[in-house]
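Please take a friendly walk through this protein chain with me. Keep the sequence and the 3D view open, and look up each residue as we come to it.

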Amino acid sequence: GGTSTANISTANTSIANTLGGTSTSTAYIPEISKIPKSLTFDLPAGWEAKTTADGRVYYVDHHTKTTTWDHPLKKATEGTGPLPPGWERKTTPDGRPYFLDHNTKSTQWEDPRLQASNKSTAKIQYSRDYKHKIMSFRSTLNKQYSSAACEKVPTCKFYVHRGDIMESSYRQVMKTETHELTAKLYIQFEGERGYDYGGLSREWFHLLSKEMFNPYYGLFEYAAIDNYTLQISPNSALYNQDHLQYFKFIGRVCGLAIYNNMIIDAFFIRPFYKMMLGKKVTFEDMQSVDVEMYNGMKYILDNDPEPLCLNFSVNHTVFGETKEVDLVPNGRNISVTEANKKEYVNLMVKWRFTERVKEQMNAFMKGFGDVISPKLIQVFDERELEYLMGGLAEIDVEDWKKNTLYSEYRPTDDVILWFWKVVSNYDNEMKARLLQFVTGTSKVPMNGFAELQGSQGPRKFSIKQYGAVNSFPRSHTCFNRIDLPRYTQYYQLKEMLTTAIENTEGFSGVD
């Protein structure tokens with residue numbers, strides 16, 4: 001009498017026996033037209049209603065090649081309780097169920113209890129269409145910069161030297177007038193023959209990226225969580241007295257890359273992209289960048305901070321010398337209490353990400369604005385801005401699978417097989433979004449997923465069984481982990497995972 005499954009590839013007699021039908025040497029399967037319509041309505045894509053030899057209806061899931069007695073929507077409504085107040089279930093003359101809402105005097109086919117379970121999805125008024133945004137952005141760029149001034153300067157030509165790519169490029173880019181930067185880019189390497197039909201420009205951006213963002217120059221440093229995600233060094237002035245001019249130069253180069261549809265071979269912490277967009281950096285942003293500081297601040301928020309004897313200042317060590325910096329005027333003499341601890345945490349986040357590098361970021365954006373108005377990139381969010389600047393690298397799914405760990409799942413479980421099927425069928429943009437959703441960046445380490453970094457060193461991508469079957473997947477970027485409920489169907493997993501990825505901004509699925 002309970003739900004049981006059988007492989008569809010078995011003979012009809014085997015299906016009948018497995019599902020409880022009469023065992024016969026040949027099984028007659030009635031046509032679908034003879035099955036009551038009330039049992040065939042609202043079947044999800046990939047499902048089919050059939051009957052055994054004795055006329056009992058069963059359901060075939062062509063995604064998983066399994067069968068079940070129960071209508072696939074039955075499980076979805078189990079445990080959801082009665083209909084909401086004011087609702088009534090009715091059927092059409094041909095037996096199709098529908099739902100009447102007496103509150104609004106309206107009808108619908110979908111069970112309102114299923115709508116309630118997905119209420120958070122319905123509230124998300126969000127459409128992320130990166131490709132259309134790119135088209136609109138490019139169209140606006142072309143209209144804005146195809147001016148007479150640009151026509152008078154047919155090319156923006158840079159003569160650079162491979163052996164001195166950083167300094168030679170700096171001199172060329174910084175001496176160029178602003179209106180010349182939006183002319184057609186042309187790169188000439190000194191002492192080499194070659195015409196730049198795009199290839200030399202791409203090579204220039206690639207070579208220059210490796211130098212500009214090399215921590216050796218002291219302008220950028222690796223984030224606390226890994227050795228490939230970059231952030232501005234707050235101590236850049238100690239390495240280079242002209243550091244602000246260099247940040248302006250780097251801003252110009254990044255603007256040139258976007259304007260010329262090229263990419264920068266570097267990935268930054270998410271707060272960097274948010275600062276480019278003028279967005280506020282939040283406490284939650286800290287977790288994917290500095291987990292040690294995040295845990296400390298979270299402890300303060302969750303507990304009484306007074307025994308810690310903190311004040312509104314922070315000790316900052318530079319080359320062995322410790323300096324005390326006030327977060328507010330005379331902050332070193334203001335104690336952190338239960339009443340003001342939220343203000344303290346917000347000020348710490350601001351100091352950690354924006355205050356220490358405000359001058360550098362302003363110089364960067366000044367240079368960027370010499371090429372592209374910052375208002376034009378407002379159409380993107382911080383994740384899309386990362387793709388725009390760094391591109392979407394080809395992601396090797398087989399390498400990803402090979403370097404994935406499982407908790408309370410086995411690699412042969414249906415949910416895991418479905419998960420990788422979904423990932424394999426995603427285009428490269430969606431694969432990058434998934435990687436970014438779980439790890440905080442779409443960047444794959446140079447030597448593949450085996451070198452993926454977590455908050456405290458190397459940490460592989462992992463999938464853990466967690467959550468109710470009607471809940472969305474959750475991600476833990478510090479641990480490179482996705483919590484994946486044990487969904488019962490392929491199409492359900494695909495829908496829930498895709499919704500979670502595309503609605504991260506308004507979806508409480510990342511921590």
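The buried residues of helix α16 are E382, R383, E384, L385, E386, Y387, L388, M389 and G390. Here, buried means under 20% relative accessible area, exposed means over 50%, and partly exposed lies in between, using a 1.4 Å probe and protein chains only. The helix spans residues 382-390 and is mostly covered, with 9 of its 9 residues buried. Helices (H or I, at least four residues) and strands (E, at least two) are DSSP runs, numbered from the N terminus.

Both ends of this helix are worth a look. Just after α16, G391 takes a positive phi of about 80°.

A word on the model: it is predicted, so local features need pLDDT of at least 70 and side-chain atom pairs count only at pLDDT 80 or more, while totals for chains, interfaces and linings use all residues. Residues are numbered from 1 along each chain as its sequence is written, and side-chain values use heavy atoms, with hydrogens and water left out.

**The whole chain**

The secondary structure comes to 20 helices and 19 strands. Of the 511 residues, 49% count as buried. Contact means heavy atoms within 4.5 Å. Among the contacts with a separation of 6 or more, 63% are between residues 24 or more positions apart.

**The core and its helices**

Which residues touch the most other members of the largest nonpolar core? They are W204, F249 and F419, in a core of 114 residues. Helix α10 (residues 243-259) gives the most to this core, with 10 residues. A nonpolar core is a set of buried Ala, Val, Leu, Ile, Met, Phe, Trp, Tyr and Cys residues joined through side-chain atoms within 4.5 Å.

Helix α10 also meets helix α15 (residues 358-369): their axes come within 6 Å and cross at roughly 40°. That makes α10 oblique to α15. The contact includes F247, I250 and C254 of α10, and A363, F364 and F368 of α15. Axes are lines fitted to C-alpha atoms, for helices over the stretch in contact, and angles run from 0 to 180 degrees between N-to-C directions. Angles under 35 degrees count as roughly parallel, over 145 as roughly antiparallel, 65 to 115 as roughly perpendicular and the rest as oblique.

Leaving aside neighbours within four places in sequence, F419 is in contact with L434, F461, I463, I482, L484, L493 and L497. K494 and F419 are 75 residues apart in sequence, yet their C-alpha atoms are 7.5 Å apart in space.

T439 belongs to helix α19 (residues 428-439). Its side chain reaches the backbone oxygen of L435 at 2.7 Å. Beyond the neighbours within four places in sequence, T439 is in contact with L452, F461, T477 and N480.

**Residues in loops**

N480 lies in the loop between β18 (474-476) and β19 (481-484). Phi of N480 is near 55°, a positive value in a residue other than glycine. E408, in the loop between β14 (404-407) and α18 (414-425), also has a positive phi, near 65°, and is likewise a residue other than glycine.

L308 is in the loop between α13 (291-302) and β12 (313-318). L308 touches Y299 and I300, not counting residues up to four places away in sequence. The C-alpha atoms of L308 and T337, 29 residues apart along the chain, are separated by 9.7 Å.

Which of these residues are buried, and which are exposed? The table gives their relative accessibility.

| Residue | Relative accessibility | Counts as |
|---|---|---|
| N480 | 1% | buried |
| T439 | 8% | buried |
| L308 | 40% | partly exposed |
| K494 | 40% | partly exposed |
| E408 | 53% | exposed |

Methods: Polar contact = N/O pair within 3.5 Å; in protein donor to acceptor, adjacent residues only side chain to side chain.
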